Amino acid sequence: MNDMTLVGKNVDTRNIKISARAVQVYYGDTHAIKDVDVDIESNTVTAFIGPSGCGKSTFLRCLNRMNDTIDICRVEGQITLDGEDIYDPKVDPVQLRAKVGMVFQKPNPFPKSIYDNIAYGPRIHGLARNKAELDEIVEKSLRRGAIWDEVKDRLDAPGTGLSGGQQQRLCIARAIATEPEVLLMDEPCSALDPIATAQVEELIDELRQSYSVVIVTHSMQQAARVSQKTAFFHLGNLVEFGETGQIFTNPEDPRTESYITGRIG
Amino acid sequence: MTDTPDTNATPHSKHGASLLELTPRTKRRNAAERRFRMYGMAAIASGLIMLVILVVNIFGAGMGAFQQTFMTLDVELLEAKLDKKGNRDIADIKKVSTFGYAPLLANAFETLVAKDGIETDLSPKKMGKLLSKGAAAQMRNYVIKNPDEIGKTVTFKFLTNSRVDGYMKGRVTRDSIANDKSISVTQLDLVDQLVAAGAIKKRVNLDFILGSDASDQRPEAAGMGVSMVGSLFMMLVVLALALPIGVAASIYLEEFAPKNWITDVIEVNISNLAAVPSIVFGILGLSVFINYMHLPMSAPLVGGLVLTLMTLPTIIISTRASLKSVPPSIRDAALGVGASKMQAVFHHVLPLAAPGILTGTIIGLAQALGETAPLLLIGMVGFIASNPPDSIAAGLMSPNSAMPAQIYEWAKRADPAFYERAWGGIIILLVFLITMNTVAVILRRRFERRW
């Protein structure tokens, strides 16, 4: 476990935020996720890596029940957030998603003003009592999303008019405006150029102070740069899960080694 | 079809061949492409020619209906004929029927002929026949409205009868009336003289657009106005029922309903419903709304209900298409920040789909506006010369016609003067349809979002 010093990352004692046990996901007859156990810690960036179609995005979407929107998708096993089973019939996915925010692969701002994009979540959850509070939330979220300086003069401009990288940071700001506890990111940089990617990565590292972040990525360099924990998925199985430093320097499983050295993928 | 493998082609000839020379294969391919372009252009050209012929035809035959021949005539409203007691009692005045007014017209003609020095062998009564049969009624209505004018000489603008109108428009000639009992050559000679004297003139006829249908005897007085009101009330019923029902059904089917065999069956049947011949809806309306529910015959309410059934599939199909075209990433975005499914739909998906829904609705309405067949069965055709309705309830419940039904009715009648009115009615209907479709196109252009 001392291998993390290789990448110079501090590892504090962290508490477990999300715990998944024996999770199975089926798409109709296809067994997409097989028996996955993962613990997501708070104030940590956890990266899911693996070849395309290995189930990492599917698993990510289980964590805030976005898979509910797909009719043929069935989830078994147990996923708990702070010890509460999120698939309990009493749980309303709407409340869950307010706690577990999500950023998608393609920037998807609402075709509304920048202000309304951020204010939408707080509005529907009743987080602001008046306009002044809402303004404050919008500014705070945009600042945390590292996009405030670029858009503060044009909050009324449509969010869809921003550049790709700005749109993605707007989406991140939108996700954190509802004060989530966990932030799920599904390949947030795949549609961005290297400069925008660097900005988003920097942002992810800052967000770690307040949230637990789970990021799915195809870029192993990115996983190594931003995450403290890495999970490697292959063909629906969780092959290896551990400290990022260890996974990238001293993987236990031969499949992990093959993947990070570029032999499978 | 032209890309069949060429057995004669030698593969190795590709190497070293000049780019400046076209190979036979390329030549054939280019020729096929040229031919296809020609077919396409020919198809479009023939379509355009048809359209031009149609439009020229319609306007050529129908524009005449918007003008009508009027005759100005000074009529002395004789007290002796109209109000024998001389006390201007409205009840007594009303007792004088239109027959009592006919002599006044004869007198007026006599005076006119004498004043302008027109020579004619016709009796004053025969001269009066130049006017529409509604002329006496027009005078009577005027007198009942203004009893104080009795005893004075009033200038009236009368419609001439349809033969005189036809003569003015070139439809009726001295040859064509050889066997016509309702007009004679001497009468046409008089018309020529009256035109010269400035008494008979063609004028714009707003009554064609605003008035009601008239009997077989008076084609010159027939108008589209009341049937337009009938169509308007039907469209109100269609809009009030088909839009909310259609949109609610599509939102449910598209966004909420589970995808299973029941929804598949419903989906297939909605498409089938769109292909059902409209006359079937007419029969359905007749048996359900009139025979079973005892709603009044010929009422725009019933017409509207039938057309609603017809328009629903159009609206549902176009609404579902526009809901489908909203990218799923918008739904994900809304759900991702913790919106409920309904909030995602109503806050984000529906506003984006609205232009498409509106377009579909307008096109559905335009379709319903031009529909005739179902109206035949619920009695909205035939001679329905009702007055314009005086309230919304009356507009919905009292017998009325609709624009296409009115056109059909005119086209059916024997008098050639109705032919012109049928085409004129088509022009009005087309103006409505083109306006609605233009609004639909503008809405789509204006609010369409690009992703």
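**How two chains meet, and what sits inside them**

Me: About how much area do chain B and chain A bury between them?

Reply: Of the area that chain B and chain A bury between them, 62% is on carbon and sulfur atoms; buried area is the accessible area (1.4 Å probe) that two parts lose on being put together, summed over both. A bit of housekeeping: this is a predicted model, local features need pLDDT of at least 70, side-chain atom pairs count only at pLDDT 80 or more, and totals for chains, interfaces and linings use all residues. Residues are numbered from 1 along each chain as its sequence is written, chains are lettered from A and ligands numbered from 1 in the order in which they are written, and side-chain values use heavy atoms, leaving out hydrogens and water. The total between chain B and chain A is about 1,700 Å².

Me: How many residue pairs are in polar contact across that interface?

Reply: On the contact count (heavy atoms within 4.5 Å), 19 residues of chain B touch 22 residues of chain A. Salt bridges, meaning a side-chain nitrogen of Lys or Arg within 4 Å of a carboxyl oxygen of Asp or Glu, come to zero here. A polar contact is a pair of N or O atoms within 3.5 Å; within protein, one must be able to donate a hydrogen and the other to accept it, and residues adjacent in sequence count only if both atoms are side-chain atoms. With both residues at pLDDT 80 or more, the number of such pairs is six.

Me: Which element gives the most to the side of chain B that touches chain A?

Reply: Helices are DSSP runs (H or I, at least four residues), as are strands (E, at least two), numbered from the N terminus. On the chain B side, α14 (328-336) and α15 (341-369) each supply at least two residues. With seven residues, the top contributor is α14(B).

Me: How many degrees lie between the planes of Phe59(A) and Phe233(A)?

Reply: Rings of Phe, Tyr and Trp (its six-membered ring) pair if their centres lie within 6.5 Å; planes under 30 degrees apart are stacked, over 60 edge-to-face and the rest tilted. Over all chains, ten aromatic pairs turn up. Phe59(A) and Phe233(A) make a tilted one, 5.7 Å centre to centre, and the angle is 40 degrees.

Me: What does Tyr142(B) count as, at 26% relative accessibility?

Reply: Tyr142(B) forms an edge-to-face pair with Phe156(B), 5.1 Å centre to centre with 80 degrees between the planes. The pair joins helix α6 (residues 135-145) to strand β2 (residues 153-159). Phe156(B) is buried at 5%, whereas Tyr142(B) counts as partly exposed.

Me: Which ring has the charged end of Lys157(B) over it?

Reply: A charge sits over a ring if NZ of Lys or CZ of Arg is within 6 Å of the ring centre and within 35 degrees of the ring normal. In chain A, Arg174(A) does this at 4.5 Å from the ring centre of Phe110(A). For Lys157(B), at 5.3 Å, the ring is that of Phe70(B).

Technical notes. Buried means under 20% relative accessible area, exposed over 50%, partly exposed in between (1.4 Å probe, protein chains only).
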